[in-house]
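Trainee: I've got this one loaded and I'd like to go through it with you. Can we take it question by question?

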Amino acid sequence: MARSPLFGRRIHIAGSIPNEAKYASAEEVGRARQLVESLVKELLRKGATFVIPVDAEKVRESDGLPICFDWLVWDTIEKNLANRPADAISSLVIAVKHHKNEEQIPEQYQSLWDKFRGSPLVQIESAAHWNMNSKRMEVQARCGDILIAIGGGEGVLFLANLYHDAGKPVVPLNFKLCSPNTGAQKIFDYAQTSNHARRLFQTEGGTPTHTWINRLDFPSRKEITERVLDIIDLLEDISPPKAFVVRLLNPAHPEYLDVQTFFDTVVQPIVEGKFGYKLTVIDGNQVYDYARIDEEIFAKLHRSSVVIADITGCRPNCYIELGYAFGRGLPTMLLAKDGTDHPFDIYSFFGHHWKTTGTVEERQREFSKHWEAIKNRPPLVPMEPLIP
């Protein structure tokens, strides 16, 4: 059976309910928790992975309902591990912790956490260096692939902006769990205005993004199972992470044919077919999201996940875009046809010099080998705090 597009993708379900019951009735909170539980079960079955904070579980004073959904997600995962695909990847959860975790874990979940923390299923990412929730959100946004927002307030808006700036999809749900001018409700209302939905996520099928938002505008009478099916349909249709392409695009250039052949036979099959990215090429045939071509280039470069930069032909615009990718700190693969003369400034930057000889399989193997070597390469200038 074919794998779901969600296989291995890291889902982050974030949100909360307010203390005031007037903004979130117990009945609506119950529906939201039922949906989260059902959604997590289905995501597990499809081989998705998760980002989950490790934190306290405060409860609402008026009715004792948990304010966040985090431990509901942990608990649902623990109870349904057997439903994961047999070949699912081992790092199931990235657990984002901070300096107070061990003292704050609710007593009823301590055995669950003890079971997971020493397991290969969980990778713990510590954000303990900073006693700031915003720094923990930065770690969560760096690790997650798709954000699903439920209720919440300023924190959810901040988190959604982090995901958006990194070019990652944001899916708001319309539960009445917060005031209309904040949290997921505000994001949802924004998405239903004009053509804003496309700024939240992009999809591969023929269904317009605005239509997807309309499908997620669930009336309270709609069954939870039907809502989950709609959400899963959308998540499976969301475009893969973007790999921005910097390359020679002028057909009149003498090197063009070799570059085009290399991308057709090596880069595209490996980057899209094996690594799971979608190539973004700004060649005038793409869907325009911006009025000016330079804005189109740099906005999409800025919000890509990786950059594939081929400098064959030594075009000045390629060097500008390559420099932006380095400055932005994006994972960048530097390519050139064997024999291309590197400018001095990037001479010492390890790149892949591809050949026009050999079989396609051999060239794909060399390309993949180089990717494995450089995919975790740090940025040119790592962030260094002024005061450690």
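Trainee: Let's start with R215: what is its relative accessibility, and is R215 buried, partly exposed or exposed?

Mentor: Keep in mind that this is a predicted model. Buried means under 20% relative accessible area and exposed means over 50%. R215 falls between those cut-offs, so it counts as partly exposed, at 31% relative accessibility.

Trainee: Which side chain does R215 meet in a salt bridge?

Mentor: Side chains of opposite charge can pair when their charged atoms come close. For R215 the N to O distance is 2.7 Å. The pair links helix α9 with helix α10, 15 residues apart in the chain. The partner of R215 is D230.

Trainee: How much area do domain 1 and domain 2 bury between them?

Mentor: The size of an interface is often given as the accessible area lost when the parts come together. The domain assignment gives domain 1 as 10-237 and domain 2 as 242-375, and their C-alpha centres lie 34 Å apart. Of the area buried between them, 28% is on carbon and sulfur atoms, and the total is about 620 Å².

Trainee: Which residues in domain 1 lose the most area to domain 2?

Mentor: Three residues together make up 55% of what the domain 1 side buries. One of them, R198, forms a salt bridge with D289, with the closest N and O atoms 2.6 Å apart. Another pairs with R328, the closest N and O atoms being 3.7 Å apart. The three are D165, R198 and E204.

Trainee: How many salt bridges are counted between the two domains?

Mentor: The structure holds 23 salt bridges. One of its pairs, R328 in helix α13 and D165 in helix α6, links parts of the chain 163 residues apart. Across the interface of domain 1 and domain 2 there are also 5 residue pairs in polar contact. The salt bridge count between the domains is 3.

Trainee: Last one, on backbone angles: what is phi at S194, and where is S194 placed?

Mentor: S194 counts as exposed, at 57% relative accessibility. Its phi is near 50 degrees, a positive value in a residue other than glycine. C314 also has a positive phi, about 50 degrees, and lies in the loop between β9 and α13. For S194, phi is near 50 degrees and the place is the loop between α7 and α8.

Methods: Residues are numbered from 1 along each chain as its sequence is written. This is a predicted model: local features need pLDDT of at least 70, side-chain atom pairs count only at pLDDT 80 or more; totals for chains, interfaces and linings use all residues. Side-chain values use heavy atoms; hydrogens and water are left out. Domain bounds come from an automatic or database domain assignment. Buried area is the accessible area (1.4 Å probe) that two parts lose on being put together, summed over both. A salt bridge is a side-chain nitrogen of Lys or Arg within 4 Å of a carboxyl oxygen of Asp or Glu. A polar contact is a pair of N or O atoms within 3.5 Å; within protein, one must be able to donate a hydrogen and the other to accept it, and residues adjacent in sequence count only if both atoms are side-chain atoms. Helices (H or I, at least four residues) and strands (E, at least two) are DSSP runs, numbered from the N terminus. Buried means under 20% relative accessible area, exposed over 50%, partly exposed in between (1.4 Å probe, protein chains only).
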